[in-house]
Amino acid sequence: MSKPTLPPDPAPEDQSSGHQLLLRPLRIGDAEAVAEVSSRLYNSINSAWTKEQFERLYRIFPDGQLGVEDNGVLVAFAFALIVDYKKYGDSHTYGQITGNFQFTTHDPQGDILYGIEVCVDPKYQGMRIGRRLYDARKELCERLNLRGIVAGGRMPGYGKVQDTLTPRQYIDKARLREIYDPVLTFQLSNDFHVKKVLTGYLPSDTESKSFATLIEWINIYHTESTPALVGAPRTVVRLGIVQLQMRTTAGLQAFYDHVEFFIDAVSGYKSDFVVFPEYVNAPLMAAFNTMSVPDSIRKLAEFTSEIRDFFVTKALEYNINIITGSTPHYEDGFLRNVVYLCRRDGTWDQQFKIHITPSEASQWGMVGGNDLQVFDTDCGRIAMLICYDVEFPELGRLLAEKGVQILFVPFCTDTSTGYYRVRLCAQARAVENECYVAIAGSVGNLPKVVNMDIQYAQSAVFCPSDFAFPDSGIVTQATTNTEMTLISDVNLDHLTDLNHSGSVRNLRQRRLDLYQIQYNPAAK
């Protein structure tokens with residue numbers, strides 16, 4: 001009997017209604033949008049920026065003005081000047097440091113980046129957009145080789161407790177997290193420290209009763225020589241690998257709470273990626289154990305779109321790229337296994353498992369996908385292969401030819417033999433394709449879930465073996481069969497150096513006159 005002809009992989013759903021955040025330098029044409037966002041935030045204290053003030057600031061120091069847009073609409077911004085700090089010292093007002101909004105205080109030869117504004121549209125607060133702006137401002141400070149960042153911080157919650165607390169007591173309680181202040185708490189959480197209390201800093205700030213904190217962030221990379229200001233790409237990428245325990249789960253909300261715990265924890269270490277295992281939502285299938293095995297996993301697939309949207313939202317909220325782990329995908333009568341890349345800018349992509357294991361085919365009636373893709377992110381070119389796919393060297397080599405730098409492999413194996421097949425092949429892919437390979441597996445037990453009842457895993461990050469890398473080719477690895485996370489940095493520059501001047505050069509020294517690998521999507 002001939003095999004049925006499978007249709008092409010389903011196209012990603014329309015994303016036009018979701019967020020798509022972009023951090024970028026501001027432009028002179030943003031003046032009107034700046035004024036609108038500012039007026040929505042500061043209408044209660046009458047301190048909104050005008051179009052003319054921004055245009056004046058921009059003409060003086062365009063590189064210091066940053067913004068975040070959502071689907072092309074400006075929703076947040078941060079303003080800064082360079083000042084010769086010894087001219088002003090630690091006792092000054094907002095009017096003095098800004099030259100009464102004439103910005104004549106800006107000095108390209110100064111030593112401090114002075115933050116004069118961070119503004120986030122009220123509708124977008126809670127999405128951690130302010131953190132993106134602060135991180136970008138720190139990066140700007142480092143590239144300008146300035147000593148640090150100084151700013152006068154509002155204390156908008158102080159007016160409510162002024163009769164019982166002094167400004168110093170209020171700051172101490174905020175530092176100890178006994179009081180939450182929307183500005184001060186945020187600044188303390190972003191590695192700023194309070195130097196002193198300023199009085200009469202911004203007279204129009206009635207919420208702070210004209211008090212402010214003088215805050216400082218020190219640039220530990222400051223040197224006496226000044227490097228050129230260039231838009232260098234990120235080369236050190238922080239990975240967070242979640243070795244997730246499969247356990248009986250009460251329902252979808254309990255599943256969300258479980259995975260968000262790890263997203264929160266890993267993002268707290270400023271990771272660029274968090275990676276979950278294959279069949280990440282398998283615990284939910286226990287509720288359908290009265291159904292037949294094929295019907296139960298198709299029932300589980302009904303949650304996939306909602307779970308993907310959950311991860312898209314959390315990628316935005318926590319400012320982290322999420323490799324979701326795989327979930328079953330059922331469409332047009334075909335059951336597939338899919339993993340999603342949810343970028344922190346609000347976009348997402350998908351990769352279907354290409355090679356289906358015998359048990360997936362016989363127990364569930366699953367079929368393989370056809371498309372093999374590499375995805376661009378803000379931290380390099382990445383790809384995703386689900387479990388069994390990493391055991392086929394042709395896929396890794398095709399991805400290498402597309403420039404993959406980090407290969408993510410969510411997996412689920414029940415025994416040590418299955419695990420070591422995945423592990424050993426993943427290590428081989430790292431060596432032969434000169435890339436990092438991060439594998440994330442599941443541990444624990446799932447009673448009454450056929451084909452998912454026991455788990456065996458030791459998650460890890462692998463690399464090539466040369467002088468810039470660990471001899472073993474293992475960057476880090478988890479404790480076997482224990483729920484935990486791995487946090488590890490990988491350096492993409494080391495891959496470039498290896499490709500050009502490594503002890504051996506697997507990609508450059510292939511005998512393409514003798515052999516080649518061909519991807520044939522037309523045959524699908």
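The model is predicted, so local features need pLDDT of at least 70 and side-chain atom pairs count only at pLDDT 80 or more, while totals for chains, interfaces and linings use all residues. Residues are numbered from 1 along each chain as its sequence is written, and side-chain values use heavy atoms, with hydrogens and water left out. Helices (H or I, at least four residues) and strands (E, at least two) are DSSP runs, numbered from the N terminus. "Buried" stands for under 20% relative accessible area, "exposed" for over 50%, and "partly exposed" for in between (1.4 Å probe, protein chains only).

**Aromatic pairs**

- Rings of Phe, Tyr and Trp (its six-membered ring) pair if their centres lie within 6.5 Å; planes under 30 degrees apart are stacked, over 60 edge-to-face, and the rest tilted.
- Searching the whole structure turns up 27 aromatic pairs.
- One of them joins Y134 and F186 edge-to-face, at 4.7 Å centre to centre with 75 degrees between the planes.
- Y134 belongs to helix α4 (residues 129-144) and F186 to helix α6 (residues 184-189), so this pair ties together parts that are 52 residues apart in sequence.
- Y134 is buried at 7% relative accessibility, whereas F186 is partly exposed at 24%.
- Y419 and Y456 make a tilted pair, 5.7 Å centre to centre and 50 degrees between the planes.
- Y419 is in helix α12 (residues 416-433) and Y456 is in the loop between β17 (442-444) and β18 (460-462), so here the linked parts are 37 residues apart in sequence.
- Both Y419 and Y456 are buried.
- There's also a cluster linked by ring pairs, made of W49, F54, Y58, F77, F79, Y94, F101, F103 and Y201.

**Charges over rings**

- A charge sits over a ring if NZ of Lys or CZ of Arg is within 6 Å of the ring centre and within 35 degrees of the ring normal.
- R308 puts its charged end over the ring of Y340, 5.6 Å from the centre.
- R336 does this with F352, lying over the ring face at 5.9 Å from the ring centre.

- In helix α8 (residues 293-300), the buried residues are S296, I297, R298 and L300.
- They pack against α9 (304-318), β10 (321-331), β11 (334-342) and α10 (358-364), with contact meaning heavy atoms within 4.5 Å.
- Helix α13 (residues 492-501) has L492, L495, L498 and N499 buried.
- Looking down the axis of α13, these buried residues fall within an arc of 110 degrees, so they line one face of the helix; the arc is that of the directions from the helix axis to the C-beta atoms.
- As background, an α-helix has 3.6 residues a turn, so residues three or four places apart point the same way.
- The cover over the buried residues of α13 includes β8 (236-246), β14 (380-384), β15 (406-410), β16 (436-440) and β20 (484-491).
- At the start of α13, a side-chain oxygen of N491 comes to within 2.9 Å of the backbone nitrogen of D493.

**Cysteines**

- The whole structure has zero disulfides, a disulfide being a pair of cysteine sulfur atoms within 2.5 Å.
- The sulfur of C342 has its closest cysteine sulfur 15 Å away, in C379, which is too far for a bond.
- C342 is buried, at 0% relative accessibility.
- C387 is in no disulfide either, and its nearest cysteine sulfur, that of C412, is 6.9 Å away.
- C387 is buried too, with a relative accessible area of 6%.

- S326 sits in strand β10 and is buried, with a relative accessible area of 0%.
- Setting aside residues up to four places away in sequence, S326 touches P277, E278, Y279, V280, N281, N337, V338, V339 and I386.
- S442, in strand β17, is buried at 0% relative accessibility.
- Contacts of S442, beyond four places in sequence, are L244, M246, P277, F411, C412, Q455, Y456 and A457.
- The S442 side chain makes a polar contact with the side chain of Q455 at 3.0 Å; such a contact is a pair of N or O atoms within 3.5 Å where, within protein, one must be able to donate a hydrogen and the other to accept it, and residues adjacent in sequence count only if both atoms are side-chain atoms.
- L22 lies in strand β1 (residues 21-25) and is partly exposed, with a relative accessible area of 42%.
- L22 touches G67, V68 and E69, not counting residues up to four places away in sequence.
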